[in-house]
Amino acid sequence: MRDLSKYDYEERASEQDRDDYWGQVRRTVKGRPVGEDQIELICDAIKCGLDLSSADKIIDVGCGNGALIYRFQKDVYKILGIDRSDYLISVAKESFQAKNIEYIVGDVLSVLKSSICVREYNKALLYGVFSFFDDELALSFFEYITKKTNIRRLFIGNVRDRLLAEKFYKRPVSASELDDSKSSMGVWRTREYFTERCERLNWKVEFSKMPKEFYANEYYFDVCIHR
Ligand SMILES: C[S@@+](CC[C@H](N)C(=O)[O-])C[C@H]1O[C@@H](n2cnc3c(N)ncnc32)[C@H](O)[C@@H]1O
């Protein structure tokens with residue numbers, strides 16, 4: 001079966017204009033890139049969720065083309081961006097490079113496991129990416145972060161709310177469709193999913209919603225986990 005989630009951020013992304021940074025990561029409304037006001041709302045949520053400070057060393061998991069994380073370049077000490085899309089990382093290196101940012105192409109777990117510097121980092125961002133992790137990868141990721149890193153806070157933004165999936169699709173949807181990490185929308189999850197896993201691994205979990213003015217407010221929620 002075709003992996004649409006990979007296709008979207010590799011081939012499809014490379015068909016967009018080289019400087020259509022939001023189009024490349026599907027941050028669009030009716031086919032047009034969202035406005036600066038929407039990006040500012042996302043940045044406010046990330047700042048608050050990660051409780052950012054100038055000493056922070058952040059891993060941006062699924063950083064895409066770097067357009068989002070680059071906005072925090074002056075607020076934190078250091079950033080490591082990881083993404084499995086060769087194309088998006090090439091855009092990041094071309095357009096969103098800075099002395100304190102490193103971009104690495106590869107699947108999240110293999111990069112984390114092979115980078116000797118990973119233990120330096122204290123916070124992680126996953127914005128619009130967690131839906132593309134199947135349950136096995138999600139669990140391995142949480143376990144790895146818990147046991148092998150010094151990350152103490154994660155912000156997982158833009159999680160598709162499973163309880164609202166049928167309202168979104170306006171039709172009945174099967175569990176296998178909602179669990180398909182290779183679809184364009186990825187996996188839809190409940191708040192209980194996060195609560196259960198976090199309890200097991202001794203993390204505290206908090207949920208939030210973007211403000212009403214946010215274009216993708218209705219069907220998504222954000223998760224902040226910390227220990
Ligand atoms: C919607 S984009 C979000 C990009 C960026 N976080 C942002 O918000 O602008 C999702 C990104 O997750 C990346 N991704 C999905 N699964 C991944 C994995 N297992 N390892 C690394 N990157 C992954 C995709 O390549 C894509 O660039």
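**Fold, ligand shell and selected residues**

N202 counts as exposed because 8 C-beta neighbours lie inside 10 Å. The cut-offs are as follows: a residue is buried if 20 or more other C-beta atoms lie within 10 Å of its own, exposed if 12 or fewer, and partly exposed in between, with C-beta atoms placed from the backbone. The model is predicted; local features need pLDDT of at least 70, side-chain atom pairs count only at pLDDT 80 or more, and totals for chains, interfaces and linings use all residues. Residues are numbered from 1 along each chain as its sequence is written.

N202 lies in the loop between α9 (191–200) and β8 (204–208). Its phi is near 65 degrees, a positive value in a residue other than glycine. N158 likewise has a positive phi, near 70 degrees, and is not a glycine. N158 belongs to strand β7 (residues 153–160). With 21 C-beta neighbours inside 10 Å, N158 counts as buried.

The chain contains nine helices and nine strands. These are DSSP runs, numbered from the N terminus: helices are H or I of at least four residues, and strands are E of at least two. The radius of gyration of the chain is 17 Å, close to the 17 Å that the globule rule gives for 227 residues, so the chain is as compact as a globular protein of that length. The radius is taken over C-alpha atoms, and the rule is 2.2 Å times the number of residues to the power 0.38. Along the principal axes, the C-alpha atoms fill a box of roughly 50 × 45 × 35 Å. Of the 227 residues, 35% count as buried.

Contacts require C-beta atoms, placed from the backbone, within 7 Å. Among contacts between residues at least 6 apart in sequence, 64% join residues at least 24 apart.

G186 is found in the loop between α8 (175–178) and α9. With 23 C-beta neighbours inside 10 Å, G186 counts as buried. Leaving aside neighbours within four places in sequence, G186 contacts S5, S131, F132, R160 and S181. The C-alpha atoms of G186 and V159 are separated by 9.7 Å, and the two residues are 27 apart along the chain.

The ligand has 18 residues around it, of which Y9, G62, G64, V108 and G128 come nearest. Such a residue has its C-beta atom, placed from the backbone, within 6 Å of the molecule. By class, the shell holds ten nonpolar, four polar and four charged residues. Ala, Val, Leu, Ile, Met, Phe, Trp, Tyr, Cys and Pro count as nonpolar, Asp, Glu, Lys and Arg as charged, and the others, Gly among them, as polar.

Conventions. Two residues are in contact if their C-beta atoms, placed from the backbone, lie within 7 Å.
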